[in-house]
Amino acid sequence: MEKSRIPKFYRYSVPERHQILLDRGIITNEDFLQLQEKLNVIGVEEADKMIENVIGVFGLPIGLGLNMLVNQKEYIIPMVVEEPSIVAAVSSSARLVRKSGGFISSSTEPILIGQIQIVNIDNPSKAKTQILQNKEEIINLANSLHPRMQARGGGVRDVEVRILTSTSQEKDMVIVHLLVDTKDAMGANLVNSMCEGVASLLEKLTSGTVFLRILSNLTDRSIVKSHCNIPVDHLKGNGFTGEQVRDGIILANDFAINDPYRAATHNKGIMNGIDPVAIATGNDWRAIEAAAHAYACRGGSYTALTQYRQTSNGDLEASIEIPMKVGTVGGPLESNPSVRILHNIMGIESATELAEVMGAVGLAQNIAALKALVTEGIQRGHMTLHARSVATAAGATADIFETVVEKLIDVGEIKIWKAQEIITSLLQSQQVEELEQEVIEYLPESATAYGKVILLGEHSVVY
Ligand code: MEV
């Protein structure tokens with residue numbers, strides 16, 4: 001069975017979806033019960049231990065992105081997000097891309113940079129040499145502070161030194177970077193404490209004064225690359241040829257590469273895919289956002305994080321390169337039952353695997369956005385989006401919700417009064433069906449075998 005392909009998943013009720021996940025072995029019995037009983041949601045008591053001045057717990061939907069194939073492995077993608085269409089967009093791109101082999105992702109070691117700022121140095125170049133000559137001592141000291149990380153194969157990999165001009169002081173600053181492989185941990189606390197731990201050694205080596213000691217969120221040593229090939233034929237639809245869609249996507253990306261105004265929106269679309277997975281898996285999405293946008297500026301001006309090109313045989317090749325420093329162990333995984341369940345659903349075994357899937361999700365989201373923008377525009381998608389909120393406002397219950405949304409879009413009148421009209425008519429026909437069923441159960445088998453039951457108020461006739 002293809003784990004991430006669950007046809008018509010959206011048509012089921014929420015409890016039915018839990019059942020499907022259980023039946024397919026995607027969740028355990030215990031997780032099934034937690035979801036059914038809503039025990040996965042943290043209580044106010046747990047929340048009160050997480051942050052300050054707690055007054056409650058905030059809810060957001062958890063959706064599942066389907067069809068994702070990354071490095072030949074099937075993934076169901078948990079996404080925590082309030083914006084409609086995002087989960088559907090990832091699932092539909094993933095479905096398109098899996099037809100031609102899915103996404104191929106790779107990543108560097110999960111390196112987090114720790115920065116130490118040293119000021120009041122008379123001779124920065126000499127200080128730099130001094131630090132580099134004593135690299136081993138610095139590395140050993142930092143690693144000795146976290147022997148368990150070293151035992152897991154992680155720890156400080158290298159030390160780098162930069163000299164920066166200060167705008168407020170006469171003397172230049174020396175900036176030391178500790179490059180730390182934090183393995184499956186996001187590593188913020190670990191790296192911060194290493195930076196603090198080597199501060200006095202650096203002061204001794206440089207005769208300067210250590211000032212800031214903190215990690216850098218420009219995690220450009222923790223890079224994910226993901227790409228896919230889409231045969232041009234697979235792109236056709238909605239009255240557009242595959243060539244038109246392919247060339248349109250390349251042109252749209254060109255716009256984002258050359259214009260920061262467009263690049264900001266383009267990259268926001270990428271993060272529409274990545275942030276919900278970060279939240280679902282208990283990762284720091286502000287850090288991931290900061291890294292992505294800073295990386296998008298690495299050439300001196302803000303640009304797109306993706307590339308698109310036509311291959312020699314006419315396919316569309318899409319690729320993304322993005323920093324992705326995430327963790328699969330620690331805090332939220334232990335304190336938030338939802339995070340634990342969602343990790344299990346995803347079936348991730350390491351932080352680098354999670355990063356590689358998240359890169360592919362970002363690319364999937366971007367493919368969906370560009371495909372919509374260069375064809376029918378996103379308004380149709382937005383109509384669906386609007387129809388969903390109108391259906392909710394009109395009080396559509398889960399069992400008829402999708403039908404109400406579909407009918408609203410079909411009639412093109414996305415208004416609350418219209419939704420109420422549709423709901424009333426659906427409920428009436430549902431009641432008729434239930435009554436028919438009751439009558440059929442009540443009537444002898446021979447009566448129903450020959451004809452259809454007509455309901456006339458309390459009387460029923462078989463013809
Ligand atoms: C909307 O949340 C995201 C898009 O604006 C992204 C894009 O324009 O590429 C559709």
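The buried residues of helix 1 (residues 14-23) pack against helix 2 (29-36), strand 1 (62-70) and helix 14 (337-346). Here buried means under 20% relative accessible area, with exposed over 50% and partly exposed in between, for a 1.4 Å probe and protein chains only. Contact means heavy atoms within 4.5 Å. Helices (H or I, at least four residues) and strands (E, at least two) are DSSP runs, numbered from the N terminus. The model is predicted: local features need pLDDT of at least 70, side-chain atom pairs count only at pLDDT 80 or more, and totals for chains, interfaces and linings use all residues. Residues are numbered from 1 along each chain as its sequence is written, and side-chain values use heavy atoms, with hydrogens and water left out.

The buried residues of helix 1 are H18, I20 and L21. They lie on the same side of helix 1, because they cover an arc of only 160 degrees around the axis; the arc is that of the directions from the helix axis to the C-beta atoms. Just after helix 1, G25 has a positive phi of about 75 degrees.

An open sheet is formed by four strands in the order 3-8-10-9, with antiparallel pairing. Two strands pair if DSSP finds at least two bridges between them. At the edges are strand 3 (104-107) and strand 9 (306-310), each of which pairs on one side only. On average, neighbouring strands of this sheet are turned by 15 degrees against each other, direction ignored. Axes are lines fitted to C-alpha atoms, for helices over the stretch in contact, and angles run from 0 to 180 degrees between N-to-C directions. Strand 3 and strand 8 (residues 223-230) run antiparallel and are joined by four bridges. In this pair, S105 stands opposite S226 in strand 8.

Two helices that pack on the sheet are described next. Helix 12 (residues 285-295) touches strand 8 and strand 10 (316-323), and its direction makes about 115 degrees with that of strand 10. Helix 15 (residues 351-374) touches strand 3, strand 8, strand 9 and strand 10; the direction of helix 15 makes about 45 degrees with that of strand 8.

The protein chain as a whole has 19 helices and twelve strands. Its C-alpha atoms fill a box of roughly 100 × 55 × 40 Å along the principal axes. Of the 463 residues in the protein chain, 46% are buried. Among contacts between residues at least 6 apart in sequence, 68% join residues at least 24 apart.
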